[in-house]
Amino acid sequence: MILITGGAGYIGSHCAVNFIENAVDDILIFDNLSTGHIETIEKLREIDRNVKFIKGDLKNKDDIDSVFKNYKIDCVIHFAAFSIVSESMTNPSIYYKNNVLGTLNLLDSMVENKVLKIVFSSTAAVYGEPDYTPIDEDHSKSPENTYGKTKLIIENIMDDYDRAYNLKSIKLRYFNAFGADKEARFGEWHKVETHLCPNIIKAGIKGETFKIFGDDYNTKDKTAIRDYVDVESLAEAHRLAYLYLKEKNTSNVFNLGSQKGFSIYEILKAVNKVLAKEVKYEVYPKRQGDPEVLIADIKKANEILHWKNEFSVEDSIRKAFNWHKKQKL
Ligand SMILES: NC(=O)c1ccc[n+]([C@@H]2O[C@H](COP(=O)([O-])OP(=O)(O)OC[C@H]3O[C@@H](n4cnc5c(N)ncnc54)[C@H](O)[C@@H]3O)[C@@H](O)[C@H]2O)c1
């Protein structure tokens, strides 16, 4: 059985669907529903009624201990975390407790119960301001926000746990996740939405004005350039990482992106095309610590996991739009 922490959330639920549809293994989702949704679990159970769900909090070691005591888990796919960059700067305490302490409880419980394989959701935020792009996995790590720092600390803990306890980990450093399930059953449903695409789409659907932060970057159209990766492709990367871990039993780290950069205006243009309307926007001053260009070098994931981002930006935006249309915004 595979344990998915944070499977009631955005990326975790898409990963669960991928595992179910590819008949990877039985699935147990562990989530405290702090940012995830019980409706997501109910939808997953419509696809496979054997999906197990345990409501628990990684901050309580007893909660996670009882999972390993009661179920035979072979591997953990670990999504559960807080991930709002601005909140991590104003309230670092909850980020260190939830992300670092929560993961430490999980890893200790794994070691105690001899579960020694984990796939971990890391982030491009571990790199900080890039020295060069595309950014490869060996690029220096200098996270500029507390969120990125928590993820880098966890990566380092995992390496120590490999050396000391033989716990093997695959760290997947995602760039900007976006898109939705092709059948519009699941999508990006964050109570506080800080991500670009859903915010442009929602503004478009509601006829509201979208905020662009900074139009004085040293880029082709003066807005920031980012690397966007489809959530269903991310889910597939987790399946491939799981199979790799099972076969090779070795730790590794991979960037997941598309190795293509899109400016904010380019994303806006693509959304306008899909929505067949002009989304209104206003430009605000750029935010501190927002780098000019962030593009992933995905050669390693490509060569070793045989993975690549399968969707065009327009495809991903169309899938996200189809999902958003179905929601009561
Ligand atoms: N969305 C992105 O673009 C992006 C980019 C890079 C990395 N990530 C990482 O991917 C992972 C998933 O991100 P997401 O966008 O799906 O977030 P999300 O908030 O939708 O999902 C996180 C899930 O974890 C659960 N959770 C949080 N803390 C928990 C705890 N202490 N115990 C049990 N459950 C807990 C939440 O209830 C939620 O269901 C996170 O680790 C995030 O840092 C996301």
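Q: What should I keep in mind about numbering and confidence?
A: Residues are numbered from 1 along each chain as its sequence is written. The model is predicted, and local features need pLDDT of at least 70, side-chain atom pairs count only at pLDDT 80 or more, while totals for chains, interfaces and linings use all residues.

Q: Which domains is the protein chain divided into?
A: Domain bounds come from an automatic or database domain assignment. Here you get domain 1 (2-178 + 228-256) and domain 2 (196-226 + 259-294 + 310-326). Their C-alpha centres lie 27 Å apart.

Q: How many residues of domain 1 are in contact with domain 2?
A: Two residues are in contact if their C-beta atoms, placed from the backbone, lie within 7 Å. By that test, 13 residues of domain 1 are in contact with 13 residues of domain 2. On the domain 1 side, β7 (176-178) and β10 (228-230) each supply at least two residues; helices (H or I, at least four residues) and strands (E, at least two) are DSSP runs, numbered from the N terminus. That side of domain 1 has six nonpolar, four polar and three charged residues. For the classes, Ala, Val, Leu, Ile, Met, Phe, Trp, Tyr, Cys and Pro count as nonpolar, Asp, Glu, Lys and Arg as charged, and the others, Gly among them, as polar.

Q: Which residues come nearest to the ligand?
A: A residue is near a molecule if its C-beta atom, placed from the backbone, lies within 6 Å of it. Of the 28 residues around the ligand, Gly6, Gly9, Tyr10, Gly36 and Ala81 come nearest. Helix α1 (10-21) gives the most to this shell, with three residues. By class, the shell has ten nonpolar, 15 polar and three charged residues.

Q: Where is His37 found, and why is it called partly exposed?
A: Burial is a neighbour count: 20 or more other C-beta atoms within 10 Å of a residue's own make it buried, 12 or fewer exposed, and anything in between partly exposed, with C-beta atoms placed from the backbone. His37 has 17 other C-beta atoms within 10 Å, so it is partly exposed. You'll find His37 in the loop between β2 (27-31) and α2 (38-47). Leaving aside residues up to four places away in sequence, His37 touches Ala8 and Trp189.

Q: Which residues of α9 are buried, and why do they line one face?
A: An α-helix has 3.6 residues a turn, so residues three or four places apart point the same way. In α9, the buried ones are Ile264, Ile267, Leu268, Ala270 and Val271. Seen down the axis, they fall within an arc of 160 degrees (taken over the directions from the helix axis to the C-beta atoms), so they line one face of the helix. They pack against α7 (196-206), β8 (209-213), β12 (262-263), β13 (280-284) and α11 (313-326).

Q: What phi values do Ala23 and Ala184 have?
A: Ala23, though not a glycine, has a positive phi of about 50 degrees. Ala23 sits in the loop between α1 and β2, and counts as exposed because it has 8 C-beta neighbours inside 10 Å. For Ala184, phi is near 60 degrees, also positive; this residue is in the loop between β7 and α7.

Q: Which peptide bond is cis?
A: Look at the bond from Thr133 to Pro134, with omega near -10 degrees. Pro134 is in the loop between β5 (117-123) and α6 (146-165).

Note on methods
Expected span 1.5 Å × (residues − 1).
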